[in-house]
Amino acid sequence: MNFIVHAFMYTYYALRASGFRLPKFISMVITAAQLIQMVVGCSVNLWAYQLKEDGEQCHVSDQNIKLSLLMYFSYFILFSNFFYRAYFSKSKRDTQANGKGNDTKKVQ
């Protein structure tokens, strides 16, 4: 899953760096795929934890489960924040571009 998400992500970056303008929904889909990746990562770790709690054989250490959960959850928070700010929030830049910013000073 990580390979697939990164393959699309770096293809997108390469196209953008080459000067291609791509529709916004493509970057949204890539970010959504990253969010799904983090949810799956958390789910797999919770499943491994549950297996261990039920006495099933699982070759994942408790420390690995905890650290992986921390990593995937923190990435989920970061990507969620990025997704909201990039695609749904009115940024300061957009406000200033429309002439509605209060902190824009004109130099004469």
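**Exercise 1. An aromatic cluster**

Is F88 buried, partly exposed or exposed, and at what relative accessibility?

*Solution.* 
Step 1. This is a predicted model. F88 has 54% relative accessibility. The cut-off for exposed is over 50%, so F88 counts as exposed.

Step 2. Now count pairs. The structure holds five aromatic pairs. One of them joins F82 and Y87, with 6.1 Å centre to centre and 80 degrees between the planes. Planes over 60 degrees apart count as edge-to-face, and the F82–Y87 pair has that label.

Step 3. F83 and F88 also pair. Their ring centres are 5.6 Å apart, and the planes make 55 degrees. This pair is tilted.

Step 4. Check the partners. F83 is buried at 17% relative accessibility. Y87 is buried too, at 13%. F82 is partly exposed at 44%.

Step 5. F82, F83, Y87 and F88 form one aromatic cluster.

**Exercise 2. The overall fold**

State how many helices and strands the protein chain has, and what share of its residues is buried.

*Solution.* 
Step 1. The protein chain has four helices. It has zero strands.

Step 2. Read along the sequence, the pattern is α-α-α-α.

Step 3. The chain has 108 residues, and 17% of them count as buried.

**Exercise 3. The largest pocket**

Find which helix gives the largest share of the lining of the largest pocket.

*Solution.* 
Step 1. Start with volume. The largest pocket has about 160 Å³.

Step 2. List the lining. It consists of M9, Y12, Y13, S27, I30, T31, Q34, F79, F82 and Y87.

Step 3. Sort by helix. α1 (2-17), α2 and α3 (62-87) each supply at least two lining residues.

Step 4. Pick the main supplier. α2 gives the largest share, with four residues.

**Exercise 4. The loop between α2 and α3**

Say where V60 is placed, and how far its C-alpha atom is from that of A48.

*Solution.* 
Step 1. V60 sits in the loop between α2 and α3.

Step 2. At 25% relative accessibility, V60 counts as partly exposed.

Step 3. V60 and A48 are 12 residues apart along the chain. Their C-alpha atoms are separated by 7.2 Å.

**Exercise 5. A nonpolar surface patch**

Determine which residues form a nonpolar patch on the surface, and give their accessible area together.

*Solution.* 
Step 1. The members are M1, I36, V40 and V44.

Step 2. Together they have about 340 Å² of accessible area.

Step 3. Take V40 as an example. V40 lies in helix α2, which covers residues 24-53.

Step 4. V40 has 35% relative accessibility and counts as partly exposed.

Key. Residues numbered from 1 in each chain as written. Predicted model: local features only at pLDDT ≥ 70, side-chain atom pairs only at ≥ 80, totals over all residues. Heavy atoms only, no water. Phe/Tyr/Trp six-rings, centres within 6.5 Å; stacked < 30°, edge-to-face > 60°. Buried < 20%, exposed > 50% of the residue type's maximum accessible area, 1.4 Å probe, protein only. Patch = residues over 30% accessible without salt bridge, like charges linked within 9 Å, V, L, I, M, F, W, Y side chains within 5 Å. Areas by Shrake-Rupley, 256 points an atom, 1.4 Å probe, with all protein chains shown as cover. Salt bridge = Lys/Arg side-chain N within 4 Å of Asp/Glu carboxyl O. 1 Å grid on protein atoms, 1.4 Å probe; cavity = no way out; pocket = protein on both sides within 12 Å on 5 of 7 lines; lining within 4 Å. Points joined across faces, edges and corners; volume = space filled by probe spheres on them.
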